[in-house]
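Dear colleague,

Please find the structure below, handed over for your records.

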Amino acid sequence: MIRIVIAEDQELLLGAIGSLLNMEDDMQVVGQAGNGEEAVALVHQLQPDVCIMDIEMPKMSGLAAAEALKSVECKVIILTTFARNGYFERALKADAKGYLLKDGPSEELACSIRSIMAGNTIYSPDLMDEGSMDTEQEKELLEKTVAEPIITNTSRNKLGMVRNYFSTILDKMKLPTG
């Protein structure tokens, strides 16, 4: 089971991401934080496998929190709405294993988490600012780790997701799922 902490200051989005990831058979959201300080504390307390961080949060940004967690075993994934100059470089320096857009499909996030747990890094090409790359070696590294479309059995993933939705609805209605 992949244990996850999510840090997001928008409460509705925090709950939605948590609910979607909890529907995955191999994932469990063990903690939710509304800012970077809470996220760092939860990671130290709960020792999750993955921490998903928004970048812009009150008290401590997601990037600052990722930097604070650099020496911890937890893999940090930055999830953001848009690219800002310098953020990609800071995510790399903080050893973030993923730097992804929020507007991707939910199954892409789940697949990215699994891929990162398998030892890969995933960076969305839309978020990279190439001006921050200094050396050819860094450019080569990025070419190897840039997120390409994650090819999975999408039909199977969607079918499983639909089953989970129906199961949740039936459970709430207290009807048999047979």
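In which strand is the place of Thr 80? Thr 80 belongs to strand E4; strands (E, at least two residues) and helices (H or I, at least four residues) are DSSP runs, numbered from the N terminus.

Please note that this is a predicted model, in which local features need pLDDT of at least 70 and side-chain atom pairs count only at pLDDT 80 or more, while totals for chains, interfaces and linings use all residues. Residues are numbered from 1 along each chain as its sequence is written, and side-chain values use heavy atoms, with hydrogens and water left out.

The sheet

Six strands make up an open sheet with parallel pairing, in the order E2-E1-E3-E4-E5-E6; two strands pair if DSSP finds at least two bridges between them. Strand E2 (27–33) and strand E6 (122–123) are at the edges with a single partner strand each, so one side of each has no neighbour in the sheet. Strand E1 (residues 2–7) runs parallel to strand E3 (residues 50–54), and four bridges join them. Opposite Met 53 in E3 stands Ala 7.

The helices across it

Helix H2 (residues 36–46) lies across E1, E2 and E3 and runs at about 135° to E2. Axes here are lines fitted to C-alpha atoms, for helices over the stretch in contact, and angles run from 0 to 180 degrees between N-to-C directions. Helix H5 (residues 106–117) lies across E1, E2, E3, strand E4 (75–80), strand E5 (98–101) and E6, at about 155° to E4.

Residues up to four places away in sequence aside, Thr 80 touches several others, including Asp 54, Tyr 99 and Lys 102; contact means heavy atoms within 4.5 Å.

Glu 8 is in the loop between E1 and helix H1 (11–22). Glu 8 also counts as buried, because its relative accessibility is 2%. Its side chain makes a polar contact with the side chain of Lys 102 at 2.9 Å (a pair of N or O atoms within 3.5 Å; within protein, one must be able to donate a hydrogen and the other to accept it, and residues adjacent in sequence count only if both atoms are side-chain atoms).

Glu 24 is located in the loop between H1 and E2. Neighbours within four places in sequence aside, Glu 24 is in contact with Ala 110 and Arg 114.

Yours sincerely

Methods: Buried means under 20% relative accessible area, exposed over 50%, partly exposed in between (1.4 Å probe, protein chains only).
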